[in-house]
Amino acid sequence: MLFIFDWDGTLCRSLDRIVTSVQKSAVDLELVAPQYDQIKSIVGLGLNEAMDLLFPSLSEKGRGQLVERYKHHFVALDISVPSPLYRGAMETLESLRQDKHKLAVATGKSRQGLDRALSEKGMADFFDGTRCADETKSKPHPQMLHELLDELGHQREDAVMIGDTEFDLEMANSAGIRAIGVSHGAHPLPRLEKCRPHLIVDELVTILNHF
């Protein structure tokens, strides 16, 4: 079976860092910094799409500057103190891999950002496949899931998407694969429930009881 995981807010405890980086970037450009919950609401989207929602009146040039400042702040913070994985994340991944399941990541991060995060954690070759928002269509469009299914040779009924946002779950629904919501991440339980996932878990290790 193919288990496809979101990264930020699902496997990696990086939400506070994302919020801080957005707020610092806004201050750099003398913009009104969004509130914590506003920023959490767009976690999971590609960076350009997220900035468009948070700063709808910004010009394309301004958005580009904001994106660059965000990258600067996020990398600086993450190099100083890398974001940890959630409790039970590695145990879950290793157990699934030991049982011969395939593992993948579908994330709103850039390719450079994901590769850096995986390298820092010694996981550069851990996953069978990965897709990032800057190399295909951003969530909730299902293209990155279609590409992973094709690349790894799995049918829709033999795959599951695990994520902490409605963007993850909507993407899975559009792709016709099962979705599992994770309640410890960016979106509150009601937003996950409205997507009617196959399952919602409080901790990742709970997934092992169902497959």
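**Strands, rings and burial**

Analyst: In this predicted model, Ala104 stands opposite Gly129 in β3. Strand β2 (residues 102-107) and β3 are paired in the parallel sense, over 4 bridges.

User: What makes β2 and β3 count as a pair of strands?

Analyst: Pairing requires at least two bridges, and β2 and β3 have 4 bridges, so they count as paired. From β2 the chain passes through helix α6 (residues 111-120) to β3, in a β-α-β crossover that is right-handed.

User: Why is the pair of Phe3 and Phe211 called edge-to-face?

Analyst: The ring centres of Phe3 and Phe211 are 5.2 Å apart, which is within 6.5 Å, and their planes stand at 85 degrees, which is over 60, so the pair is edge-to-face. Because Phe3 lies in strand β1 (residues 2-5) and Phe211 in the segment after β6 (199-201), the pair ties together parts that are 208 residues apart in sequence.

User: How do you know whether Phe3 is buried or exposed?

Analyst: Phe3 has 0% relative accessibility, and buried means under 20%, so Phe3 counts as buried. Phe211, at 31%, falls between 20% and 50% and is therefore partly exposed.

User: Why is the aromatic pair of Tyr70 and Phe74 described as stacked?

Analyst: Their centres are 5.8 Å apart, within 6.5 Å, and the angle between the planes is 25 degrees, under 30, so Tyr70 and Phe74 are stacked. Both residues lie in helix α4 (residues 60-80), 4 residues apart, about one turn of the helix, and both Tyr70 and Phe74 are buried.

Note on methods:
Residues numbered from 1 in each chain as written. Predicted model: local features only at pLDDT ≥ 70, side-chain atom pairs only at ≥ 80, totals over all residues. Heavy atoms only, no water. Phe/Tyr/Trp six-rings, centres within 6.5 Å; stacked < 30°, edge-to-face > 60°. Helix = DSSP H or I, 4+ residues; strand = E, 2+ residues; numbered from the N terminus. Buried < 20%, exposed > 50% of the residue type's maximum accessible area, 1.4 Å probe, protein only. Right-handed = clockwise from strand over helix to strand, strands pointing away.
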